[in-house]
Amino acid sequence: MDLLEVKNLSKTYGSGEAAVCALKDASFRVPKGEYVAVVGESGSGKSTLLNLIGGLDTPTSGRVWIDGRDIFSMKERSLTVFRRRNIGFIFQSFNLIPELTVEQNIIFPLLLDYRKPDKKYLEELLSVLNLKERRRHLPGQLSGGQQQRVAIGRALITRPALILADEPTGNLDTQNTSEVVSLLKEASRRYEQTILMITHSRSIAQTADRILQVSDGVLTDFGRCRE
């Protein structure tokens with residue numbers, strides 16, 4: 001079953017001679033539980049693609065279905081609620097709230113939705129992410145790798161249908177990069193998460209189940225990676 005379907009998705013910024021076509025007629029499907037890497041140079045259109053899939057931007061044309069729902073047919077408020085409950089975002093800059101502890105940052109999306117965390121699942125995540133001993137620490141007391149693990153926990157806590165990761169290892173050293181990539185792969189396997197990860201690194205992309213490339217706004221599907 002396809003968790004994500006993107007059909008003829010395009011985005012143009014500006015108009016007339018100043019128009020810039022950031023994404024051109026992109027179409028692909030992603031089955032539930034697949035871990036997909038999106039590669040491309042800076043300015044290629046890969047971040048535009050991710051923002052459109054996440055409903056953070058609106059397309060010039062085309063459609064996106066997540067778990068059978070046409071996200072751009074929703075009204076703004078409904079899309080906001082759908083996004084909060086069904087999409088987990090992981091950013092390069094972590095985007096943690098400095099005044100909140102590790103545990104509070106992880107459960108924050110649930111609190112926004114007036115939901116109580118599943119204590120058993122929270123403990124499992126803290127254990128998988130190796131953050132149990134850091135649960136009461138503030139972001140400023142953590143390393144970059146630890147902060148990114150908190151961001152992964154925050155993305156997973158709502159059990160979203162889809163995780164969108166935008167250069168999640170961009171600010172990390174080699175060791176922490178390897179750990180974060182391993183955690184994303186484990187999330188895909190352990191929790192059947194569908195993951196779309198942007199990266200400029202070919203070596204990181206090779207860890208995914210499948211690779212898409214965006215170049216000058218044109219998407220190419222290179223298919224499944226070799227086992």
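**Sheet and rings**

Mentor: Strand S9 (residues 210–215) runs antiparallel to S10, and six bridges join the two. Strands here are DSSP runs of E with at least two residues, helices are runs of H or I with at least four, both numbered from the N terminus. Two strands pair if DSSP finds at least two bridges between them.

Trainee: Which residue in S10 is the bridge partner of Leu212?

Mentor: Asp221. Mind that this is a predicted model: local features need pLDDT of at least 70, side-chain atom pairs count only at pLDDT 80 or more, and totals for chains, interfaces and linings use all residues. Residues are numbered from 1 along each chain as its sequence is written, and side-chain values use heavy atoms, with hydrogens and water left out.

Trainee: In what order do the six strands of the open sheet come?

Mentor: S6-S7-S8-S3-S9-S10, with mixed pairing. Strand S6 (87–91) and strand S10 (218–224) are the edges, each pairing on one side only.

Trainee: Switching to rings: how many aromatic pairs does a search of the whole structure find?

Mentor: Two. Rings of Phe, Tyr and Trp (its six-membered ring) pair if their centres lie within 6.5 Å; planes under 30 degrees apart are stacked, over 60 edge-to-face, the rest tilted. Phe89 and Phe91 are stacked, 5.9 Å centre to centre with 5 degrees between the planes. Tyr121 and Tyr191 are edge-to-face, at 5.6 Å and 90 degrees.

Trainee: And where do Tyr121 and Tyr191 sit in the chain?

Mentor: Tyr121 is in helix H4 (residues 119–128) and Tyr191 in the loop between helix H6 (174–190) and strand S8 (194–199), 70 residues apart.
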